[in-house]
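User: I am new to this structure and would like to learn how to read its features. Please begin with the contacts of a single residue.

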Amino acid sequence: MEAVIDVTWVPVCAAADIPADGGACALVEGEQIAIFNFARRGEWYATQNLCPHKQQMALARGMIGSTGEACEPKVACPFHKRTFSLLTGECLNGDECSIRTYPIKVEDGLVFIGLEAG
């Protein structure tokens, strides 16, 4: 049985503010969150902006793409080339580090990030 997490949806920006097939950073309740518009796939993702490898706020400027047979969406840090799953946050280079991912939705032209309520 999966745990149910109560989420509060926070409006962050207009969808038009995020470049197609790219990312941008938003400050949401004191946290830098990288938002990705994976237009080629018609999908949106949100992760922490901090790259855990060298502790730099850079992931929003990373390249997005797909990997493996399942075409898993990923982001590559622009400085260190470590790649992370946009679905799970797992490092795809085999490193122990990972990144936090956030629920995201786009409604009526606005981007919303899901934060754990509490």
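Analyst: Contact means heavy atoms within 4.5 Å. Setting aside residues up to four places away in sequence, Arg100 touches Ala46, Thr47, Gln48 and Glu116. The model is a predicted one, in which local features need pLDDT of at least 70, side-chain atom pairs count only at pLDDT 80 or more, and totals for chains, interfaces and linings use all residues. Residues are numbered from 1 along each chain as its sequence is written, and side-chain values use heavy atoms, with hydrogens and water left out.

User: Where is Arg100 placed among the strands?

Analyst: Strands (E, at least two residues) are DSSP runs, numbered from the N terminus. Arg100 sits in the loop between β9 (83-85) and β10 (101-102).

User: Is Arg100 buried, partly exposed or exposed?

Analyst: Buried means under 20% relative accessible area, exposed over 50%, and partly exposed in between (1.4 Å probe, protein chains only). Arg100 has a relative accessible area of 41%, so Arg100 is partly exposed.

User: Why does His80 count as buried?

Analyst: His80 counts as buried because its relative accessibility is 16%. His80 lies in the loop between β8 (72-76) and β9.

User: Which residues does His80 contact, apart from its neighbours within four places in sequence?

Analyst: His80 is in contact with Cys51, His53, Lys54 and Gln56, leaving those neighbours aside.

User: Which side chain forms a polar contact of 3.2 Å with that of His80?

Analyst: A polar contact is a pair of N or O atoms within 3.5 Å; within protein, one must be able to donate a hydrogen and the other to accept it, and residues adjacent in sequence count only if both atoms are side-chain atoms. Here the side chain of Gln56 is joined to that of His80 at 3.2 Å.

Terms used: Helix = DSSP H or I, 4+ residues; strand = E, 2+ residues; numbered from the N terminus.
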